[in-house]
Amino acid sequence: MALAPSPQWLDTGNNAWQLAAATFVGLQSVPGLTVLYGGIVKKKWAINSAFMAMYAFASVLVVWVLFAYNMSFGPQWFPFLGTPALATSAAFTTGQATIPAAAAGMPALTFPMATLIFFQFVFAAITVIILGGSLLGRMNFTAWMIFCPVWITLVYTVGAFSLWGGGWLASMGVADFSGGYVIHLAAGTSGFVAAAVVGPRLQSDRDHFPPNSLLVTLVGAGILWLGWNGFNGGDPYFANADAGAAVLNTNTATAVALLVWTLMDKMTYGKPSVIGAVNGMIAGLVAITPAAGYVDGWGAIIIGVAAGIIPWASMNVLQKSRLMMRVDDTLSVFSTHGIAGLTGGLLVGILGNPAMLQYIGTDKEAPGVNVTGLLYGNANQLLLQAEGAAFIIVYNVIATFIILKIISIFVPLRMDEATLKVGDDAVHGETAYAIGVEGE
């Protein structure tokens, strides 16, 4: 009897790249953001902040496999949501991957559903972890345990299906290459609302919040940067030319944004700051995400410059205004993810280059799948990008507010004052460092 390792539809190269890309994206969360959060906060919050990221990663995967994957990428149930269903059976996970409502707009996928389910899971998981960056240093861990799976189920799935699962925004023509809207604008918006609803850190923590380890923070930042190759390089779903261009564009824009942010810090404060450089790096990564495979090299450079200036101004001017200071957004996620994601998403509508083909057309479909922006004669794309952003912002504000208000009926959203004074030891019975004075 003759055996074959896999069905004819499976392309081992594409499957290998999607699994590798998914692993890179997973590394952004654990250990990437886990140690970035653990290092960038005050010593007494290191364990709590790292654990919030790790818990989120695990809790999201469970609901993803049980129902949230199909709500995001399954058969259409509503124009903004797929049908909840298990993603567990042998036939489903080993069968050929497909996104039913979006299948007409892409070539047949050449890897199994299991690969697609895991690839999309790591995107979902990092979204709620980024959101958590707004809440470090005060959120009740029990409330966080409830919030993560509920938010993914009721909020993330709607954005994901609407833009990536073949939902109404996708059918209108709104473009989000790899998550500027679905992930970063959503996390920045929901994080800011959550920070307002949960309440601020202790005033002493707001006034004095030195990072306990900048080197650990930089390790997390480096994993985030290179892990992003899987984020944007994995999104064509094929190891094709567009995937390569997306990776190059991602790194180009990020390098430019880091340099511009550092210059802004030097001109304004007199010193180049490494935390500033990390924020510039993140803003660059985020801003190129919705555009990575749709713009050329000059587009990537322009997005990098914009990401070094606009989110910098949001963080250093807007978020320091008296009105915005009323909300304690611990890591300024509003600026580095929300504003950066919005900036990149709108710039897709300006810089989208029709010569950047995600999929090549055959016969009458030439040239293929691409996005044409204002610079190339299509002003309508910019309008579509603005409409898509408006939906994500409004839906995230309302849904996140309601979810937290309902959770607050059952458990407090914020730790009590005594716990806030002590930090990790009071919450988890553990501390990050065995040496040194407690409560630094």
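Is V394 buried, partly exposed or exposed? I looked it up: V394 counts as partly exposed, because its relative accessibility is 47%. My cut-offs are under 20% relative accessible area for buried, over 50% for exposed, and partly exposed in between, with a 1.4 Å probe and protein chains only.

**Ground rules.** I am working with a predicted model, where local features need pLDDT of at least 70, side-chain atom pairs count only at pLDDT 80 or more, and totals for chains, interfaces and linings use all residues. Residues are numbered from 1 along each chain as its sequence is written, and side-chain values use heavy atoms, without hydrogens and water.

I placed V394 in helix 15 (residues 380-410). Helices here are DSSP runs of H or I with at least four residues, strands are E runs of at least two, and both are numbered from the N terminus.

**Salt bridges.** I searched the whole structure and found 6 salt bridges. Each needs a side-chain nitrogen of Lys or Arg within 4 Å of a carboxyl oxygen of Asp or Glu. One of them pairs D205 with K44 at 3.4 Å, N to O. D205 lies in helix 8 (residues 203-207) and K44 in the loop between helix 1 (12-40) and helix 2 (46-73), so this pair ties together parts 161 residues apart in sequence. Both D205 and K44 are buried.

Next I checked D328 and R201, which meet at 2.8 Å, N to O. That pair links distant parts of the chain, 127 residues apart. D328 counts as buried because its relative accessibility is 3%. R201 is buried too, with a relative accessible area of 8%.

R206 sits in helix 8, and D328 in the loop between helix 13 and helix 14, 122 residues apart. I noted a network of salt bridges linking R138, R201, R206 and D328.
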